[in-house]
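Please keep the sequence and the 3D view at hand while reading.

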Amino acid sequence: MSQPSAAQPAEDRGHVREIPSKSQQFGDWYTAVVLKAELADYYPVRGCTVIRPYGYTIWELMQQGLDRRFKATGHTNAYFPLFIPQSFLQREAQHVEGFAPEVAWVTRGGGEELSEPLAVRPTSETAFGHMYARWIRSYRDLPVLINQWCNVVRWEKATRPFLRTMEFLWQEGHTAHRTGDEAEAEALRMLDVYRDFAETDLSIPVLAGRKPDSEKFPGALHSYTIEALMPDGQALQAGTSHNLGQNFARAFNIKFLDSDNTEKYVSTTSWGVSWRMLGGLIMVHGDDRGLVLPPTVAPIQAVIVPILTGKAQADVLAASRSIAERLSPIARTRLDDRTEVTPGWKFSDWEMRGVPLRIELGPRDLGQRQVILVPRVGGGRRSVPLDGVTDAVSGALQEFQQALFLQAKAYLDSHIVSASTREEAVAAIAEHKGFVRLGWCGGAACEEALRNETGASPRLISEESVEGTCPVCGSAARHVVYYARAY
Ligand SMILES: [Zn+2]
């Protein structure tokens, strides 16, 4: 009964069969899922993509999960302008050097040359810096904890929807603090917010740690990152948090009068997560049948597919409507009562869109006062009594969220290897998919040597205690570093 009907036209399931194999053609698979699940589409301006309603709804759910956490940690939202005067960007030397190659400039407006070119914001530390210098006077004004949701533009040569686009959506938090210690605590707090969001809401386990200096944000004292592992063995930087120290405070003259009556510079932070994390979500959980979404960010958490055959059609449809009504307070539910496509077509259509749970109801099920629950992955098809459907769906969604995390965690754990000699390190990075864990003396030359020899980069410095020696120079290791090839 739950199998596609034999009379179903061949093209009915064609859109699913066309998805390339995830394990064999990972890049093509990714693009196909993005397009066929109607998450995004290409646009005639290079580097720009259109996010379609289904994809945008996932992004909105991600925003909600993050925004709730930002508010719970004392932050409020504001909105800053898209344009940044050229002179702002030039004020912090490392910042301008780091961003110069990817900034888009507006030089004409209203038919005239502008007296000062305007940058289309690549990030807004400078805009916030300018305003914080106006707003902050006293230690009583601190801390200032502001976030904004916005678009930014970085001139990219390649385009991959969500992962690398010229214009992208993100959030950027910008905070100002009385002391350097407070700024450091804030940067770490937000890193942990990102880790919790990735692991709890997206079911994506991450490694969290500090960026080596070579990889830190232009203008930062320290940068912190969460890194997720993709199925092709490459790391994806999924969120970053920066302690900017007093670098931007000095550049923008953000001072306050402290309680000891002396004037001091504030310390600032910034932190951001973009829709790139949505790209990570697609890659980590998807399979050969398409997208797989954790319930927390699934636009549709449960889809009801009635099997409308025989004399009981009207009863089955009525019962399905009643189930949809009962479920709507606890789950985002869709009743698929289309009559122009077969149940089998619907099954593969919703599977491709990653809906976590399918509920089937046919005449025989109705006779037995039961429905069939089918999770999107992992088997576990089971019948549950009609009367207990809300509890069963609620439980199944929680289980599904957890099962996705455990599956991804098992993959991550099995794709971390340790190396203790230079040969081991080089071989591990060349042959092994995933993270390679190394001791490091902290020297830039050793890092550079490994980077050149392997084509991989140090993704983060871990907090864990270190033993042994640096595999390059042989002196005592001071840090544990995770290397990987990266997006
Ligand atoms: Zn060394």
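Axes are lines fitted to C-alpha atoms, for helices over the stretch in contact, and angles run from 0 to 180 degrees between N-to-C directions. Helices (H or I, at least four residues) and strands (E, at least two) are DSSP runs, numbered from the N terminus. This is a predicted model, in which local features need pLDDT of at least 70 and side-chain atom pairs count only at pLDDT 80 or more, while totals for chains, interfaces and linings use all residues. Residues are numbered from 1 along each chain as its sequence is written, and side-chain values use heavy atoms, with hydrogens and water left out.

The pLDDT is the predictor's confidence in each residue, from 0 to 100. Its mean over the protein chain is 94, and 97% of the residues reach 70 or more. Residues 1-15 have pLDDT below 50, and this stretch has 23 contacts in the model beyond near neighbours in sequence. Contact means heavy atoms within 4.5 Å.

Helix α2 (residues 26-36) packs on helix α9 (residues 276-285) at about 115°, the axes being 11 Å apart. Therefore α2 is roughly perpendicular to α9; angles under 35 degrees count as roughly parallel, over 145 as roughly antiparallel, 65 to 115 as roughly perpendicular and the rest as oblique. From α2, the residues F26, W29, Y30, V33 and V34 make the contact, and from α9, G279, I282 and M283. These divide into seven nonpolar, one polar and no charged. Ala, Val, Leu, Ile, Met, Phe, Trp, Tyr, Cys and Pro count as nonpolar, Asp, Glu, Lys and Arg as charged, and the others, Gly among them, as polar.

A second pair is helix α3 (residues 53-72) with helix α7 (residues 180-201), at an angle of about 140° and with axes 10 Å apart. That angle makes α3 oblique to α7. On the α3 side the contact includes M62, L66 and F70, and on the α7 side M190, V193 and Y194 are among the residues. In this contact, seven residues are nonpolar, two polar and four charged.

Helix α7 also holds E182. E182 counts as partly exposed because its relative accessibility is 34%; buried means under 20% relative accessible area, exposed over 50%, partly exposed in between (1.4 Å probe, protein chains only). Its C-alpha atom is 48 Å from that of S21, 161 residues away along the chain.
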